[in-house]
Amino acid sequence: KVFADSGHAGCKRTRRSTTRGARMLDGHLIRAWCLTQALVSISSGESEFYAMVKAVIELLDFKQLLDAMRGVRQFELYSDSVAARGIVKRVGTCARAKHIATYHPFVQQHVRAGDFAIKAVLGLVNPADIGTRYATADTLTRLFVLMGFGRSPHRAERAGTAVREGP
């Protein structure tokens, strides 16, 4: 599972948006990223679409790695943006959105090929949300749990008894 999110026009100086993503495998965080988008988006839907493009690139990289290891899996791309999912699923060109026309065929090609499924996720349970907005302690705790980080009440007891096997 790969999750994407965007914070539209978050930089007060440049008005550039922030892209945040999380790559998960069996409920565990494998890779996370947070970066400022190179372009200034004119809408939140557009900035969410750019976040999805970055997530597609991450997903395809992950897919290639797992395919090389013979890991047959179903790949899913999650976004909490209805507008971005609509842009990705749109058939044909983006005539009214010429500024995103170069990215659109790239994403569409992989959607049509069945390389991954596009799914909706609520913003409250999107692990990628951690880097796109101000977070309270409760929000951070909730998102860390979603990414597979958590506390085990027995961790301290087991930490001293672990035996390493091997050479």
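**Exercise 1.** Which residue lies over the face of Trp-33, and at what distance from the ring centre?

*Solution.* Work on the predicted model above. Start at the ring of Trp-33 and look over its face. Lys-54 lies there, at 5.8 Å from the ring centre. For a charge to sit over a ring, NZ of Lys must be within 6 Å of the ring centre.

**Exercise 2.** Classify the aromatic pair Phe-49 and Tyr-50, then the pair Phe-144 and Phe-149.

*Solution.* Step one: know what to look for. A pair of aromatic rings is described by the distance of the centres and the angle of the planes. The whole structure holds four aromatic pairs.

Step two: take Phe-49 and Tyr-50. Their ring centres are 6.2 Å apart and their planes are at 50°, so this pair is tilted. Phe-49 is buried, at 0% relative accessible area. Tyr-50 is buried too, at 9%.

Step three: take Phe-144 and Phe-149. Here the centres are 6.0 Å apart and the planes are at 90°, so the pair is edge-to-face. Phe-144 is partly exposed, with 38% relative accessibility. Phe-149 is partly exposed as well, with 44%.

**Exercise 3.** Which residues of helix α2 are buried, and why do they count as being on the same side?

*Solution.* Step one: list them. Helix α2 spans residues 82-89, and its buried residues are Ala-84, Arg-85, Ile-87 and Val-88.

Step two: check the directions. These residues cover an arc of only 160° around the axis, so they lie on the same side of α2.

Step three: recall the helix geometry. An α-helix has 3.6 residues a turn, so residues three or four places apart point the same way.

Step four: find the cover. Among the elements over the buried residues of α2 are α1 (44-68), β4 (76-79), α3 (104-112) and β5 (117-120).

**Exercise 4.** Find the phi values of Ala-9 and Asp-26. Is each residue buried or exposed?

*Solution.* Most residues other than glycine have a negative phi.

Step two: take Ala-9. Its phi is near 50°, a positive value in a residue other than glycine. Ala-9 sits in the loop between β1 (2-7) and β2 (18-25). With a relative accessible area of 16%, Ala-9 is buried.

Step three: take Asp-26. Its phi is positive, about 50°, and Asp-26 is not a glycine. The loop between β2 and β3 (28-36) holds Asp-26. With a relative accessible area of 57%, Asp-26 is exposed.

Key:
Residues are numbered from 1 along each chain as its sequence is written. This is a predicted model: local features need pLDDT of at least 70, side-chain atom pairs count only at pLDDT 80 or more; totals for chains, interfaces and linings use all residues. Side-chain values use heavy atoms; hydrogens and water are left out. Rings of Phe, Tyr and Trp (its six-membered ring) pair if their centres lie within 6.5 Å; planes under 30 degrees apart count as stacked, over 60 as edge-to-face and the rest as tilted. Buried means under 20% relative accessible area, exposed over 50%, partly exposed in between (1.4 Å probe, protein chains only). A charge sits over a ring if NZ of Lys or CZ of Arg is within 6 Å of the ring centre and within 35 degrees of the ring normal. Helices (H or I, at least four residues) and strands (E, at least two) are DSSP runs, numbered from the N terminus. The arc is that of the directions from the helix axis to the C-beta atoms. Contact means heavy atoms within 4.5 Å.
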